[in-house]
Amino acid sequence: MRRLLLAGLLVLFTSTLMFAADSGPLLLQTPTLSKTQIAFAFGGDIWIVSRAGGDAQRLVTGTGVLTHPIFSPDGSQVAYTGNYDGNDDVYVVAATGGEPRRLTYHPGSDVAVGWTNDGSSVLFRSTRSSYSRFERLYTVPASGGFPTLLPLPMGVEGSYSPDGTHIVYVPHWNRRLGAVDAYIAIKHYRGGNAAPLWIADLADSSVTRIPRDASNDYDPMWIGDRIYFLSDREGPATLFSYDTKTQQVKSLIKNDGFDLKSASAGPGGIVYEQFGSIHIYDLRSGKSHEVSIRVAGDMPQVRAHFEKINGRQIMNAHISPTGVRAVFEAHGEILTVPAEKGDVRNLTKTPGAAERDPAWSPDGKSIAYFSDESGEYAIHIRDQNIFGPTKKIDLGTPASFFYAPTWSPDSKKIAYNDKRLNLWYLDVDHPTPIKVSTDRFDSPLQEFNVQWSPDSKWLTYTLQLENHMRAVYVYSLESQKATQVTDGMSDTRFPVFDKNGKYLYFTASTNLGLSTGWLDMTSEEHPVTRSVYVAVLRRDLPSPLAPESDDEKPEVNKDEGGKPGADGDKAKEGGKKTEPVKVQIDFDGLSQRILALPIPARNYQSLVAGKEGILYLAEGPLVDVGSNPGPPSSSIQRFDLKTRKTEKILDEVADFDLSFDGEKILYRQGEHWFINPADKPPQAGKGGLNTGAMEVYVVPREEWKQMFHEVWRIERDFFYDPHFHGLDIKKAEQAYAPFVAGLASRADFNYLLGDMLANINVLHMYVSGGKHPDIPVVKVGLLGADYTIDNGRYRFARIFNGENWNPELHAPLTQPGVNVKEGEYLLAVNGRDVTASEEIYSYFQETAGKQTVLKVGPHPDGSGAREVTVVPVESEVGLRGLDWIEGNRRKVDQLSGGKLAYVYLPNTAGGGYTNFNRYYFAQVG
């Protein structure tokens with residue numbers, strides 16, 4: 001079936017849609033139909049064109065993404081979903097154009113889905129009253145006012161019966177909440193969230209189910225005695241009808257190509273989007289025809305431009321050998337930033353290629369990185385000053401993703417690893433990759449921690465054993481033999497050679513075991529400690545931790561020729577040459593030469609060797625709380641083997657790197673980067689890098705082309721099934737490639753990714769994010785309440801309690817001294833009179849997290865009113881969720897006479913772990 005489908009996809013690119021002479025088929029989305037016109041979304045704007053096709057004109061535009069246009073029944077107005085202020089809300093505009101009218105202001109996602117039959121109100125879905133991951137259906141007057149909840153427990157799409165007494169609706173579906181740019185990409189899903197169609201009697205909320213067999217049915221349209229809808233019940237999604245009298249379902253359009261993505265009914269027909277083209281189905285004849293639409297206009301999101309780099313875009317960073325510059329990977333480019341003098345340099349300037357993982361050679365001359373310029377990743381090496389040609393080293397077959405290029409101290413070799421768990425190195429002058437080892441298990445934590453010996457003749461790294469613990473290995477380049485150094489009875493990480501070549505340092509943990517299964521709750525909030533050890537590599541070396549004793553040193557008679565410091569003086573005079581370091585490892589008895597360093601056991605997350613006898617350790621929190629965003633911050637500890645003392649030199653550090661000479665340290669605090677001396681705590685405000693001066697030249701369509709190809713390479717190398725659930729991913733890439741040339745926005749690109757990746761048919765295939773136009777976010781505050789309208793005023797119908805001792809469950813109206821009661825009226829907000837003629841949340845724009853003065857009282861005329869100061873919250877989901885959980889808990893306790901407990905687990909990760917500990921143990925006994 002799938003191979004036939006892809007063969008069909010390849011013949012669909014005869015579309016007559018035009019964007020430019022060199023463009024491909026256009027992704028004109030969510031069309032809607034009136035008697036004379038078609039409106040659709042494209043490039044983040046709403047467009048309108050004659051029903052016969054032709055040249056489309058913009059109807060509405062904005063900085064954010066506008067989508068889901070829907071004609072009113074008489075065709076005079078278009079409702080749509082707009083994101084002008086950083087939130088999805090419902091708007092209405094005249095079909096002839098003009099100023100849009102905003103209908104909803106709630107900070108949750110409000111998405112237009114239809115109209116009432118008389119055209120007086122817009123039907124929309126929203127999360128505003130949801131206590132979990134579902135939406136509900138509302139209507140809001142087209143002239144503005146307070147939304148009305150339909151008497152349905154949940155719903156995402158709907159269409160009214162001709163007499164308005166019933167509604168056919170989709171109660172739930174397997175898609176992410178929200179209107180735009182967020183997809184759960186899966187086709188032919190048949191699980192519990194497959195979208196059904198139900199017919200509800202609005203008088204008593206009773207439902208009748210349209211027959212199906214676990215198919216996904218959506219976009220219902222009730223016309224006369226028939227309900228038209230899209231469904232994947234026979235393969236690719238196409239148009240069906242359900243006869244409300246005979247209760248029979250009929251297929252109307254045979255489809256062997258792309259899915260029909262959306263459909264909307266209008267006078268005499270149904271307009272539908274078949275991925276990449278627009279068609280009209282004639283209700284009388286039962287035939288379809290494609291509509292030729294030309295789109296011409298400026299598309300700001302495809303314009304080439306310079307873009308400033310912010311801290312969140314920096315992916316990898318390293319410091320130059322003496323700390324005079326740092327090198328960063330940002331936005332697919334490699335840039336260097338001076339510590340003090342000079343300007344930022346963009347070494348690559350390749351909008352159509354991705355460069356990753358830069359590394360500076362110890363001699364300071366070159367920077368190595370991975371580039372996919374050829375279509376697959378290779379190592380590129382170029383001069384640090386941008387001069388000279390770029391050396392390009394092919395990494396062989398099969399192609400893969402590669403990580404962590406690590407230069408040898410002599411700047412002649414590079415070690416690296418790949419997605420297939422292989423560790424490699426190559427000689428830059430004779431660049432044939434040599435495999436060192438292969439790890440056993442993959443996980444998000446998989447890494448080799450590879451480091452070179454100071455003489456560039458050994459590699460040290462870690463491998464997972466059968467027990468999932470890591471052991472330290474060393475590999476001799478001369479003998480091409482690897483030897484296990486540690487016994488595997490503890491989890492060892494971060495091996496590094498001392499600069500003198502005498503010692504090998506590493507960390508080891510004996511309490512990691514319970515959290516090795518990273519994909520379950522045993523890893524949540526489990527304390528992990530690591531101790532630091534030193535292995536003395538040669539049997540003839542003394543212990544670096546030999547007992548010490550303070551003794552008087554007898555004075556030496558200078559006349560006898562015993563001048564203290566004589567060797568040092570000779571060295572200064574050049575009389576004594578420093579011998580090059582040569583690493584020798586005596587494996588016999590090595591386990592007995594492993595010693596514990598006098599460093600406290602902590603949760604060390606990395607270990608770096610500096611100058612001889614100097615170590616730097618990143619100490620993370622003893623318990624990593626998984627719910628915290630971003631990586632946990634660390635403190636940087638400096639250990640001196642000579643003094644055997646540890647000193648904290650940095651705090652709240654997210655990343656750090658040490659210069660090759662051990663003099664300087666590069667680190668990140670928040671989104672700011674610094675270079676400072678490595679031997680002491682830095683002075684406040686010193687050493688900041690001007691990363692704000694970094695910018696790259698962006699050519700969006702070139703980037704999208706690279707990203708499109710990279711997405712398929714990611715699936716090729718990372719997807720768990722080598723057969724991709726039966727999908728030929730090379731043919732799939734060919735089928736979707738023509739659409740890239742016609743993209744007009746990042747949202748369109750995400751839409752393309754969502755449809756093409758859905759063919760792999762796997763859950764947890766999410767598509768979202770990317771660089772979108774900057775939208776100033778207007779934060780609308782919430783009071784944690786439901787409202788009714790009475791006497792032209794808003795009245796508190798329900799007030800949600802929180803846990804006011806918990807910062808995440810702050811309930812504005814139940815704070816001490818506020819004491820607003822259910823049944824009271826909301827009369828004014830910050831001195832502005834509140835009436836039901838305006839949508840209530842419009843009064844709370846820019847109040848979230850700010851002191852807000854409310855006038856409340858028992859009477860609509862304001863008599864007996866008082867003023868209270870509250871701090872509205874950005875979201876009520878936590879308050880509504882707590883109310884639902886506590887309500888369930890009390891109900892179970894009451895109905896069981898105290899014999900049963902209720903524990904709600906929102907997931908099997910951090911939230912589930914927290915809830916289990918809170919609710920289970922409190923109800924035992």
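The exercises move from the whole chain to single residues.

The model is predicted, so local features need pLDDT of at least 70 and side-chain atom pairs count only at pLDDT 80 or more, while totals for chains, interfaces and linings use all residues. Residues are numbered from 1 along each chain as its sequence is written, and side-chain values use heavy atoms, with hydrogens and water left out.

**Exercise 1.** Describe the overall make-up of the protein.

Solution. Begin with the secondary structure, which comes to 7 helices and 62 strands, taken as DSSP runs (H or I, at least four residues, for helices; E, at least two, for strands) numbered from the N terminus. Next, take the extent: the C-alpha trace spans about 115 × 70 × 55 Å along its principal axes. Finally, of the 925 residues, 52% are buried, where buried means under 20% relative accessible area, exposed over 50%, and partly exposed in between (1.4 Å probe, protein chains only).

**Exercise 2.** Is His380 buried or exposed, and which residues does His380 touch?

Solution. First locate His380 in strand E34, residues 378-383. Its relative accessibility is 6%, and therefore His380 counts as buried. Then list the contacts (heavy atoms within 4.5 Å): leaving aside residues up to four places away in sequence, His380 touches Ile367, Ala368, Tyr369, Ser371, Glu373, Thr390, Lys391 and Lys392.
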